[in-house]
Amino acid sequence: MQGKAELIEGARVIFEDRVETASVRIEAGVITGIDVARDGATVVPGRGRVLAPAFVDIHGDAFERQLQPRPGVSVGTEAALLETDRQLAANGIATAYHALTLSWEPGLRSVETGWQVVRALEHLRPRLTVDNRIQLRWETFCPEAEPLIAHVLAGQDRPALAFNDHTSAALLHPSVALHDRPFDQLADYPLTDLAAPAFLHKMEARAKRSHMTTPDYVALIAEVWARRPQVPALIDHIAALARTHGTPMLSHDDSQPETRAYYRGLGATVAEFPMHERAFLAAREGGDLIVLGAPNAMRGGSHLGSPGAAAMIARGLCDILASDYFYPAMLGAVVRLLADGVADLPALWKLVAANPAAAMGLTDRGRIAPGLRADLVLLDWPEDGPPAPLRTWVSDRGGYSAL
């Protein structure tokens, strides 16, 4: 259907400020009119269905389950990413930022795996249905990632950069709750006992993911922790590199206002998954955008015990919902939040389309209006049941259809 005009006729259309029955004309991957004549366009029946902007997902790592379906079991990178691409389209996601963790860990989240994913996406670009992009989910204790970061930042697909410090979080003393952990660069950071049985048990899953024994993994994280004095300068360097490319930047799992202020000062004006109310309030006071996980909203709470997305949305403390670890959650979150009366449908849809697009500087998508990309999803949404995507348009690409 590429290049051929289509008229999606008579659907309930989710616009920025209202939902109303309308017809939307698209041609050559662009929305060309609202409630215009058929004018030779192929008609797509929309009556009884809902037409919405396709989702813009700024943080999704469910692709890791395609790369490694079971712990220790890996499949070919290109085959995994092709399957991921089709899953995205089938779930109404037209723009996806893969949260590619670049860590000092061997295995799934290593820099080596990162290079494999980046190269595969570059090679597969002509065959991909969805606009696949990368969120460089950089672990700040990993200087080895710099060449890969520089390569992706200079590429044609504008990425995002997220600052992550799971090293300090992993080594936090158990007397301090994860949500209360201090600023990561605090001089007297409360460190756990690396020989404590509880810590060794906690490291077992990470060791398995990295194809290491637990003792070897603990020895490695101790070596990495010794790099701590060099980390602030490395963060400054990577942030400066991102600024030269105009790259959107985020900080991950902020727990303190000091943390948010630090990353805002570097140009990271998006707070991704804040872990405490004070971090939410600091982000809002500073004019930053706030991202939460759609599974949090869909399930009615965070699996980590962080603040609930529904409550934060109701308080005006959440601007964006991301798929996080489950692609269907973007639609599922809207359904749950609508049923719970948290906001009306146009306001909720902004959380998964217009707002994430704006946060990433993508002004050509996320809304239904003439002149914008035809990134759309047509939903079967019965009154007595959950909705399901019937068709996804991704500009002038093939898209997805279950019609």
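**Exercise 1. Describe the second largest cavity: its volume, its lining and the classes of its lining residues.**

Step 1. The volume of the second largest cavity is about 40 Å³. A cavity is a set of points, on a 1 Å grid over the protein atoms alone, where a 1.4 Å probe fits but cannot get out. Grid points are joined across faces, edges and corners, and a volume is the space filled by probe spheres set on the points.

Step 2. F163, N164, D165, R181, D184, H252, D254, T259 and Y263 line the second largest cavity; a lining residue has an atom within 4 Å of a point. Two or more of the lining residues come from each of β9 (160-164) and α9 (257-266). Such helices (H or I, at least four residues) and strands (E, at least two) are DSSP runs, numbered from the N terminus.

Step 3. Sorted by class, this lining has two nonpolar, three polar and four charged residues. Ala, Val, Leu, Ile, Met, Phe, Trp, Tyr, Cys and Pro count as nonpolar, Asp, Glu, Lys and Arg as charged, and the others, Gly among them, as polar.

A note on the source: this is a predicted model, in which local features need pLDDT of at least 70, side-chain atom pairs count only at pLDDT 80 or more, and totals for chains, interfaces and linings use all residues. Residues are numbered from 1 along each chain as its sequence is written, and side-chain values use heavy atoms, with hydrogens and water left out.

**Exercise 2. State how strand β7 is covered and which strands pair with β7.**

Step 1. Strand β7 spans residues 93-102, and ten of its ten residues are buried. Buried means under 20% relative accessible area, with exposed over 50% and partly exposed in between (1.4 Å probe, protein chains only).

Step 2. Strand β6 (residues 55-60) runs parallel to β7 and is joined to β7 by four bridges. Two strands pair if DSSP finds at least two bridges between them. F55 stands opposite I93 of β7.

Step 3. Strand β8 (residues 131-139) also pairs with β7 in the parallel sense, over eight bridges. Here Y97 has R133 as its bridge partner in β8.

**Exercise 3. Is Q256 buried or exposed, and where does Q256 lie?**

Step 1. Q256 is in the loop between β10 (249-252) and α9.

Step 2. Q256 counts as buried because its relative accessibility is 18%.

Conventions. On a 1 Å grid over the protein atoms alone, a cavity is a set of points where a 1.4 Å probe fits but cannot get out, and a pocket is an open set with protein on both sides within 12 Å along at least five of seven lines; lining residues have an atom within 4 Å of a point.
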